[in-house]
Amino acid sequence: MAGEPVPSSVEVSARMSRLPRRDTGPELAARRLLHAAGYRYRVCFPVPGAPRRSIDVAFTRSKVAVFIDGCFWHGCPEHGEVPMANNAWWAAKLAKNAVRDRATNEQLLADGWTVLRFWEHTGAEEVLSRTIAVLRSREMLATAPIICLDEDTRSYRSGNQAPRTIDSHQLML
Ligand SMILES: [Zn+2]
């Protein structure tokens, strides 16, 4: 499935062009709250070892990477939909995005980061509270073993190793 997107109608083209890929409203809202709460972060920070990818909101000292994933581009189970026009092309494109997200997670985890992924439909207050909880747990990590939710097995495990993944989209804290 190669080539550029070929929206079959002006309508589809217009609809796609309105879907922002970064600096979206939900991301800005979450950043504002984090900033107001006294947290400092880097925006659009290059993924270590994969500089063409970037972390939406990066806490570089504590190595916490926060992503606010667009429901369309990242295939939210509630709001993600594959457009009818050029359906196969879009299906392949969105599947590729999902693979890329997972690879980005792996890259960051391998480098000792904690990865937090939120859907854009998640309220900014919730993004704030969950992110702060993780930042605090990272601060305590040096001395205390932690329990975290493993994304792949969806099970809890404990240990004194670095946290693997804090479940991307269904974070339970
Ligand atoms: Zn959604």
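**Fold and packing in a predicted model**

C44 is exposed, with 11 other C-beta atoms within 10 Å. C44 lies in strand β1. Its phi is positive, about 55 degrees, although C44 is not a glycine. The model is a predicted one: local features need pLDDT of at least 70, side-chain atom pairs count only at pLDDT 80 or more, and totals for chains, interfaces and linings use all residues. Residues are numbered from 1 along each chain as its sequence is written.

N86 also has a positive phi, near 55 degrees, in a residue other than glycine. N86 lies in the loop between β3 and α3. With 17 other C-beta atoms within 10 Å, N86 is partly exposed.

The protein has four helices and six strands. Helices (H or I, at least four residues) and strands (E, at least two) are DSSP runs, numbered from the N terminus. From the N terminus on, the order of elements is α-α-β-β-β-α-β-α-β-β. The protein has 173 residues, of which 23% count as buried. Among contacts with a separation of 6 or more, 62% join residues 24 or more positions apart. Two residues are in contact if their C-beta atoms, placed from the backbone, lie within 7 Å.

The sheet was examined next. Four strands form an open sheet in the order β1-β2-β3-β4, with mixed pairing. Strands pair if DSSP finds at least two bridges between them. β1 (42–47) and β4 (114–119) stand at the edges, each with a single partner strand, so one side of each is left without a neighbour in the sheet. On average, neighbouring strands of this sheet are turned by 45 degrees against each other, direction ignored. Angles run from 0 to 180 degrees between N-to-C directions, and axes are lines fitted to C-alpha atoms, for helices over the stretch in contact.

β1 pairs with strand β2 (residues 50–59) in the antiparallel sense, over five bridges. F45 has I55 in β2 as its bridge partner. Helix α2 packs on the sheet and touches β1, β2 and β3 (64–69). The direction of α2 makes about 145 degrees with that of β3. Helix α4 also packs on the sheet, touching β2, β3 and β4. The direction of α4 makes about 175 degrees with that of β4.

β3 and β4 run parallel and are joined by six bridges. The bridge partner of V64 in β4 is T114. β4 is mostly covered, with six of its six residues buried. T114, L116 and F118 point one way from β4, whereas V115, R117 and W119 point the other way. All of these are buried.

Two packed helices are described by the angle between their axes and the distance between the axes. Helix α2 (residues 25–36) and helix α4 (residues 124–140) pack at about 50 degrees, with their axes 8 Å apart. α2 and α4 are therefore oblique to each other. Angles under 35 degrees count as roughly parallel, over 145 as roughly antiparallel, 65 to 115 as roughly perpendicular and the rest as oblique. At the contact, P26, A29, A30, L33 and L34 in α2 meet A124, E125, V127, L128 and T131 in α4. By class, this contact has eight nonpolar, one polar and one charged residues. Ala, Val, Leu, Ile, Met, Phe, Trp, Tyr, Cys and Pro count as nonpolar, Asp, Glu, Lys and Arg as charged, and the others, Gly among them, as polar.

Two further residues make contacts across the sequence. Y41 is found in the loop between α2 and β1. Y41 counts as buried, with 21 C-beta neighbours inside 10 Å. Not counting residues up to four places away in sequence, Y41 touches L34, V57, A58 and F59. Y41 and V57 are 16 residues apart in sequence, and their C-alpha atoms are 6.3 Å apart.

Q107 lies in helix α3 (residues 87–110). With 17 C-beta neighbours inside 10 Å, Q107 counts as partly exposed. Leaving aside neighbours within four places in sequence, Q107 is in contact with V47, G49 and A50.

Notes. A residue is buried if 20 or more other C-beta atoms lie within 10 Å of its own, exposed if 12 or fewer, and partly exposed in between; C-beta atoms are placed from the backbone.
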